[in-house]
Amino acid sequence: MATIEKVSIALQPSVYSTFRALNNTVALTLSEYVDNAVQSYLDNKEQLQATSPDYKFYVKIHIDHQNDSITILDNAAGIDEKNYLRAFEPANIPLDATGLNEFGMGMKTASVWLADKWSVRTKALGESVERYTEFDLHKVIRENKEELVVEEIERAPQEHYTKITLNRLSKNAPSSNQMDKIKRHLSSIYRKFIRAGEIDIVINGELLNSPSYEVLTAPYHKTPDGEDIFWRKEINFELGKYKAQGFIAILKTIQNNANGLVLLRRGRVIVGGGEDRYFPQVIFGTSGNFRYKRLFGELELEGFDVTFNKNGFRDEDDLLAFMEAVRDELRDPSFNLFSQADNYR
């Protein structure tokens with residue numbers, strides 16, 4: 001019997017087809033491209049703004065149902081030479097994993113999930129070449145390809161962009177009926193960047209706006225003739241390695257899909273970006289009561305790890321314990337948000 005001294009850990013091309021089976025949504029998949037662009041912008045913000053006094057960072061997504069294609073175009077800093085090889089290797093973690101593209105799988109998994117064929121055309125700021133690469137899923141599997149051909153074209157150093165084109169869309173691709181939901185979800189995920197004026201996200205020609213809800217201004221329910229109070233509690237809380245910063249408030253009027261918590265990490269919404277808000281019972285109580293219907297808020301969390309596709313936090317037990325500690329903050333007798341939400345009419 002032979003002695004086994006080594007085993008291969010190389011990724012076989014056939015593994016790409018399994019990406020189709022990942023549990024995902026169209027909006028979350030498209031957000032992988034936006035994450036990459038946003039991180040490129042943040043990493044090179046000063047250089048990009050120096051290119052023109054009118055520079056404004058954008059990501060433009062066009063979903064063409066008639067031609068069975070999707071294009072994602074951004075004017076961030078492009079994929080530079082040191083990151084280019086890494087960008088096409090599955091699970092090759094970015095040189096800096098503290099940003100939005102921390103897992104090194106976003107573009108690859110998203111593209112295979114959405115389409116049989118995709119291409120990337122990119123020009124990095126400060127470099128003198130544009131690079132173009134194509135990926136054909138069926139060809140890669142059939143020919144057991146482990147390398148992609150890269151074409152290089154000379155371009156001016158000051159140019160910067162990335163254009164990703166998806167063709168031969170899969171069954172996961174969005175239908176026309178999903179477009180409004182996709183727009184709402186993406187505008188919610190990137191609400192912080194949109195509000196700050198850091199990014200324009202355009203989908204099929206429509207500029208997305210961040211969600212905004214009015215906070216109740218009214219006297220405390222026990223003193224209806226008293227002074228008006230702005231019912232918003234600022235949160236700046238720390239428990240061990242975990243931190244939360246943001247607010248929890250009472251809606252001026254009850255609205256569908258406005259209540260509940262939105263949880264962010266690194267400026268991007270992780271939980272509550274779509275129609276599914278976060279309703280920890282320790283804060284909101286049971287569904288249907290006035291507190292459940294009226295409370296809303298946004299919390300930027302630190303210290304928590306996220307799931308692979310960035311739609312949840314992995315430390316669920318710690319998150320619940322953290323929310324119990326936040327609840328105690330909201331019970332402050334001098335500003336009793338719970339009592340007002342429960343009893344104000």
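## Close-ups of a predicted model

View 1. Arginine 168 is found in strand β6. Everything shown here comes from a predicted model, not an experiment. Look at the backbone of arginine 168: its phi is positive, about 50°, although the residue is not a glycine. For context, most residues other than glycine have a negative phi. Arginine 168 counts as partly exposed, because its relative accessibility is 35%, which falls between the 20% limit for buried and the 50% limit for exposed.

**View 2. Aspartate 68, out in a loop.** Aspartate 68 sits in the loop between β1 and β2 (69–74). Here too phi is positive, near 55°, in a residue other than glycine. With a relative accessible area of 35%, aspartate 68 is partly exposed.

View 3. Follow the strands across and you get the order β5-β4-β3-β6-β2-β1-β7-β8, an open sheet of 8 strands with mixed pairing. The edges belong to β5 (150–154) and β8; each has a single partner strand, so one side of each is left without a neighbour in the sheet.

View 4. Strand β3 (residues 115–123) pairs with strand β6 (residues 161–169) in the antiparallel sense, over 8 bridges.

**View 5. Helix α6, mostly covered up.** In helix α6 (residues 179–189), 8 of the 11 residues are buried. Among them are Met179, Lys183 and the run from His185 through Leu186, Ser187 and Ser188 to Ile189. What do the buried residues of α6 pack against? Their neighbours include α1 (26–43), β1 (58–64), α7 (191–195) and β14 (268–271). α6 also lies across β1, β7 and β8, and runs at about 170° to β7.

**View 6. Where α1 crosses α6.** These two helices, α1 and α6, pack at an angle of about 50°, and their axes are 9 Å apart. That angle makes α1 oblique to α6. The crossing of α1 and α6 is right-handed. On the α1 side, the contact is made by Val26, Ala27, Leu28, Leu30 and Ser31, while α6 brings Ile182, His185, Leu186 and Ile189. Sorted by class, the contact of α1 with α6 has 7 nonpolar residues, 2 polar ones and no charged ones.

Definitions and conventions: Residues numbered from 1 in each chain as written. Predicted model: local features only at pLDDT ≥ 70, side-chain atom pairs only at ≥ 80, totals over all residues. Heavy atoms only, no water. Buried < 20%, exposed > 50% of the residue type's maximum accessible area, 1.4 Å probe, protein only. Helix = DSSP H or I, 4+ residues; strand = E, 2+ residues; numbered from the N terminus. Contact = heavy atoms within 4.5 Å. Axes fitted to C-alpha atoms, helices over the stretch in contact; angles between N-to-C directions. Parallel < 35°, antiparallel > 145°, perpendicular 65-115°, else oblique. Left-handed = near helix turned anticlockwise from the far one by under 90°. Nonpolar A, V, L, I, M, F, W, Y, C, P; charged D, E, K, R; others polar. Pairing = 2+ DSSP bridges.
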